[in-house]
Amino acid sequence: MTGSGAKTAVEWLASVAPDPDACRWEWERNPLGVALLPAGRRWDVLILPGELGYPTLDILARLVDRPGPVLADFGDSRMGFFVPPGTAARWIGTGVRGAGHGTWIVVPYPGRASGGVRWLVVPDGSGTLTDPALLELAMHEAVASLARQGDG
């Protein structure tokens, strides 16, 4: 990620923090390179199991030029797709957790490796989010693809 791209992404992410300056300070000084940010302001996060998340991201990347930000934990057991605020409260789906208003997300500094969590799709700073309808479509396709692989 370019310096100006990372700066724009940092500003966009930090803007949801109760104290954006403290958030930026935390990113710079936390040895893990992460900050805790509130969901539900500019984005919610839908958290999928990794075995569903990776094929979903592959399909989503074929449907849109650039999906919204996506996080993964280093164990690859979970992936978080950034979606519009309010999505988590309305989402109905088995095995998908939602982080919306009243929840907090561990977020790494854009473009840097950090402890425990990493960006698969780094925020672009413009506010691009994943359309929940397209995410659901990609998830259905991923489940169908996984089922076909299991039958073979």
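The briefing that follows takes the pocket and then the aromatic rings.

This is a predicted model, in which local features need pLDDT of at least 70 and side-chain atom pairs count only at pLDDT 80 or more, while totals for chains, interfaces and linings use all residues. Residues are numbered from 1 along each chain as its sequence is written, and side-chain values use heavy atoms, with hydrogens and water left out.

**Largest pocket**
- The largest pocket has a volume of about 330 Å³ (a pocket being, on a 1 Å grid over the protein atoms alone, an open set of points where a 1.4 Å probe fits, with protein on both sides within 12 Å along at least five of seven lines).
- Of the 17 residues that line this pocket, Ile47, Arg78, Ile105, Val106 and Val117 are the closest to its centre; lining residues have an atom within 4 Å of a point.

**Aromatic pairs**
- The structure holds 3 aromatic pairs (ring centres of Phe, Tyr or Trp, the last by its six-membered ring, within 6.5 Å; planes under 30 degrees apart are stacked, over 60 edge-to-face, the rest tilted).
- Trp27 and Tyr109 are edge-to-face, because their ring centres lie 5.6 Å apart with the planes at 85 degrees.
- Trp27 is buried at a relative accessible area of 1%, and Tyr109 is buried at 14% (buried means under 20% relative accessible area, with a 1.4 Å probe and protein chains only).
- Trp43 and Phe82 form a tilted pair, 4.6 Å centre to centre with 50 degrees between the planes.
- Trp43 is buried with a relative accessible area of 0%, and Phe82 is buried with a value of 0%.
- Trp43, Phe82 and Trp119 form one aromatic cluster.

Terms used: Grid points are joined across faces, edges and corners, and a volume is the space filled by probe spheres set on the points. Buried means under 20% relative accessible area, exposed over 50%, partly exposed in between (1.4 Å probe, protein chains only).
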